[in-house]
Each structure stands twice: as C-alpha cells, then as structure tokens.
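Hi,

Here is the two-chain model you'll want to open alongside this message. My notes follow below it.

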Amino acid sequence: MVGIHKKDPSHSEDTMEEHDNLNEINDEESNSDSDSDSESEEVRAEPAKNAIYNRDGLLEKLEDISWPENVEWIHKLTVDHDQAEGVDVNDDLGRELAFYTQALDGTRKAFDKLQGMKIPFLRPPDYYAEMVKTDAHMLKVKGRVLSEKKRIEEAEERKKMREAKKVAKEVQAQKTKERAKRKKEEIESVKKWRKQRQQSGFAKGKDGEMDLGFDGDDGFARSKKRKTGVAPGDRSGGIRRGGKKGQEKNRKKRDYRDSKFGHGGRKGVKKQNTAETTNDLRGFNKGGMSKKRNG
Amino acid sequence: MGKKRKHAEAAEAPKKDDSAPPRPKRTLTGWKDGEPEKPSDSSAHTVFRNKEKVLITCSRRINYRYRHLMLNVVSLLPHCKKDSKVESKESKGSTLNELIELRNCSSCLFFECRKQKDLYLWMVKSPSGPSVKFLVNAVHTMDELKLTGNHLKGSRPLLTFSTNFDKEPHWKLVKEMITQIFATPKDHRKSKPFHDHVFVFSILDDHVWFRNYQISVPHNETDKVDRGGLDKMTLVEVGPRFCLNPIKIFGGSFGGPTLYENPFYVSPNQIRALEKRKKAGKYVKKVKAKTRRKIHEMSNALEPDEFADLWKE
C-alpha cells in the first residue's frame, strides 16, 4: 500500500538493544522508556493515495450497530475528555500524564453523575471479593516497591556519607592549620618573652605569670611525659625498658622460633615430617601435665 | 439464569399494570435492581437491555506475552467467553463466524499472532459487521510489577474517550464498538455493583491507546465520596497497556467490503524487509569503498619523501 519508508521496526519492547541500534540507523531520536519504541515505529510517510475511505458506509454501519439514542448513561458509563493539544507521542512522561489526566478528569465527571443518581457505587470497606490480581502477585508487587524504596534510601545514605566525608576532611584540614597556627603563636610568645626578659636584664618576678613554668631544671624534667611503672632511676623514661639483660635472655627463644616458623628459607620443607621426626616421640607429653617439654 | 431472564422479559408486558408492586425481592440474580426501573423505562419506550457477549480467542502459535495480554482482557471483561485457540489458516474463513454463533456471542475479539511477533486484533460485531483490524503495539501485561494497582474482578469500568474520537467517521465507529465491547453490561450476573476502575481510550498519533487505572478515593458511604474527596482522588495503574493501530475496517464480520484503509499503515513485514536490505547492503558498500580507496591511491601516488633517509647514518 505504501512504498518503502523509513521505519523503526522493533515493536516488541523487550529488545531494547536492537531498538537503539535501529534508532541510530534511522537517525531518529532515541527514546528512553521501553514502550516508546513501538509508537515511534512510523516515520510519517505520504498517505497512500488509493486508500479506501467510505464515509457513508462507515456512518451507515455506525447507525446499524449503535444503541438507541435515549439509552441511559448508566448503561454506557462513557465520558469524553478534551485532550490537551500537542502531546508528543515519544515523550513518555508527557504522554502518560495526558492519559492520567484524562482518566482523572473522566472519573471526576462520572462520579459526579453517579452521586447525582443516589445509587451506591463505591465499594464499602468490608466488601471482599475476588480481585483482578491475586494476593500472591500483589505481595510480589509490594516486595518490589519496598526494595525499590530501600535502594533509593541506601543510595541517599551513601551520598550523605560521601558529603559528610568531604566536610570532615575539610574540618580536619582546618584543625591542623589552626593547631599549627597556635603552635607558631606560642613559640612567638615565648620568643617575645625571652626578648623582654633579656631586655629587662633577667629581673626575676617582673612578669610573674611566665616565671612559673620555666623556672629551673625541675620544671623541664617534669614536663617530659613519663611512662607508667618506670623505675625512679630509669633516666630514659621507660623507653628502653627490658634492657640488655632481658634481650639476651629472649634471644635464644626468638632464634628458635624464627628457625621453626619462618624468617628465611622455605617453610614448607622444614615443617614436613621426615622418617626421623615421625619416630621421634619426644614431643609428646607422656607423663601428663607435670613434665616440661624439652625441645 | 437464562430461564429467569426470559421470564422477566415475558412477564414485564402483561403484568405491568396488575402485579408489578408485590414482586418478591430476589437479590441474588439482580432481580431486585432490575425490577423497579423497568416500569419507568417501558412506559417511555422499549426496555434497553445490554446483552453483549464477547467471544475472546486467539490464533494458534501465539506467544506467551500476547497470550497473557489476552488473558488479562478476559479478566477485565466479565461478559466475555473465552474459547480455545483457532488454527490461523482457518481464521480467514467462516470458522470464526460459526464459532461466534455457536457460543451465542454478539461480538468478538480475536488475537491473531503472526510469525510469533506481530499481534493483530480483530474487533468484530457479530452477525452483520462491521469488523476492525488493528495492529497491536507496546504491549504491557498486568503481570508487570511496575503496575501496582488492583481492583475488583468484574466491577464495571468507566470508559473515558478523548474527544478526537468524534472527529472522523471511522473513529466514531471504533468508539462505538469499543463502548459496546468493553463496557460491562449493567446488572450482568458476574459483574460487581461498584465502580473502582477506569479505562482510558485515547487517540494519539492515529493510534488508540489503552490504559486501565484503579480509582482510589476517600469515602465512608457507598453512595457519596467524602467532602473534597474528588480532589483527593488518585489513580493507580493496573494494566494492561496496549496501543492499537487500525489497519482496515470491513463491512461484514471477519470480511466484507472494505470501508476504511489506513493510508499510513506499513506492515511490520515490510519494515523488517527494509531493515534487512539495509543490512545486506553493508558489506557490498564496504567492499566498494575499499576498491575505490585503492584506485584513488593508485592514481595519486605519493611523492618520494626527500627527508626519508635523513636520520639513517
């Protein structure tokens, strides 16, 4: 009927990929949603010249089949809705919105009419009957909605965390900066104080508040932080605790352990049993807990 | 059921004057609802009674998606009768007409699947036509989890049409047929007396789009929504979705003289053929381009480069 025209032929919408490819070929705008492909299927061609259009025949048929004129509205339940102009078929959201508004508007009109008739038309809350979709299916739907919600929430949470991290980094940087600044200031103040002191000829008691902390060697010694449990004679402040004596004592044990568990060489071979070691039962504790192992 | 109905119709004329008031109330069959309105109707004119029955069937070798769509339609229309699949070779003949007659139906929706991918929908008024053949696109069945609504099975739908149905004669005809086929007859025994879903038929881009929404509206009484409830009304989509592209309208049922032909219609076969041809041309084009390039290179040979062995030493 019509000659060859460019068209997007994919019309089962589960073949999204194919659809995209074809769209590229056809230089059409690619559509985002899945169900938009089928309606963009036609690139408007010239209408066929010889197409039959028998208006009279159509109208005659319409008269034949149509219900009598004065049929009450309740039999038909039809509502007409003025569709907004310029709804783009390929714009999924716009299109669906148009349908939704049509349904909503129509329903309002219809409900107005039904209310005017004073007949019950709304389902009472205690009316239970078979539904179009089964409960099992609705459960699935619910699960999906919930999981979707959860996913969105999680994504949001992650986003928030990322933001918080960024902020925290900045805060940390600010803090270190401030600390450095304070340190610098303190050093500066100490220098200043020294200078003043020098100028005043080391006069004691001139600036009372400074003179407390820097008086004598005692103060300096105390300012060094000491570890707990350090012997009073230990001048290193517990840093070299254990000392030479202890180290020597532990050395042997350490060496043995190193030889056994690693530190140099392949472990696998060393740990394997040989004929000797299998026959050697020394390692087993024969006499209960009392005997000490000699290895 | 059939008997009772006949009885009601027969009784209406003679008994109208003497025994109309003391009629027993029989709610189970819708007797009670039907009875009071009859006197008022018959006083003005003959009673209108919608006795539409729709036969729904499909061709053999239909694929699952389209079959599910058909089953969804079956679940939406309580006044339909579903029949087993029909051999598609026979669908051209009078088999379907016979089947419709056999099942006592007045209209038919026939889902014809070809090549496992193209779905055609025949919408037929039975004994004397007309019939419309559509190509069905953009099918979404009710099983999809995106469509979250639900409504009573068998409640009568509200039908909303966009006004551009009234502009052209063929759309007018389609609208009338849709109204008759998709509207559930009042007081049908399988229908439920509440309205909780709405069908949308809208013409966009010369296609008829179908949507089905659940109506959720706050109400306490059954005959009145709450104050301001109409504004608070929301719709949830139930499905299915599909889009009908009219191909032809015939005068008879499953045949007869063609009354209308869609001038813009291109069959999916043609589209696919075109696509194939395009793909077939790809290799030839590539080879041609290669040879052309070769010829071009031969004809304009490069000049010997004077700096070619500058760095050789």
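How much area is buried between chain A and chain B, and what share of it do carbon and sulfur atoms give? About 9,100 Å² is buried, and carbon and sulfur atoms account for 61% of that. Buried area here is the accessible area (1.4 Å probe) that two parts lose on being put together, summed over both.

Some housekeeping: this is a predicted model, so local features need pLDDT of at least 70 and side-chain atom pairs count only at pLDDT 80 or more, while totals for chains, interfaces and linings use all residues. Residues are numbered from 1 along each chain as its sequence is written, chains are lettered from A and ligands numbered from 1 in the order in which they are written, and side-chain values use heavy atoms, with hydrogens and water left out.

**The interface**

Chain A puts 88 residues into the contact and chain B puts in 105, contact meaning heavy atoms within 4.5 Å. There are 33 residue pairs in polar contact across the interface, both residues being at pLDDT 80 or more. For a polar contact, a pair of N or O atoms must lie within 3.5 Å; within protein, one must be able to donate a hydrogen and the other to accept it, and residues adjacent in sequence count only if both atoms are side-chain atoms.

On the chain A side, helix 4 of chain A gives the largest share, 15 residues. By type, that side splits into 43 nonpolar residues (Ala, Val, Leu, Ile, Met, Phe, Trp, Tyr, Cys and Pro), 26 charged (Asp, Glu, Lys and Arg) and 19 polar (the others, Gly among them).

The two chains also share four salt bridges, each a side-chain nitrogen of Lys or Arg within 4 Å of a carboxyl oxygen of Asp or Glu. One of them joins Glu96(A) to Arg211(B), with the closest N and O atoms 2.7 Å apart.

Strand 1 of chain A pairs with strand 6 (residues 158–162) of chain B, in the parallel sense and over four bridges; strands pair if DSSP finds at least two bridges between them. Val79(A) has Thr160(B) as its bridge partner there.

**The chains themselves**

Chain A has 10 helices and one strand, and chain B has seven helices and 11 strands. Helices (H or I, at least four residues) and strands (E, at least two) are DSSP runs, numbered from the N terminus.

Of the 295 residues in chain A, 23% are buried, meaning under 20% relative accessible area (1.4 Å probe, protein chains only). For chain B, buried residues make up 51% of 313.

Cheers

Notes
Buried means under 20% relative accessible area, exposed over 50%, partly exposed in between (1.4 Å probe, protein chains only).
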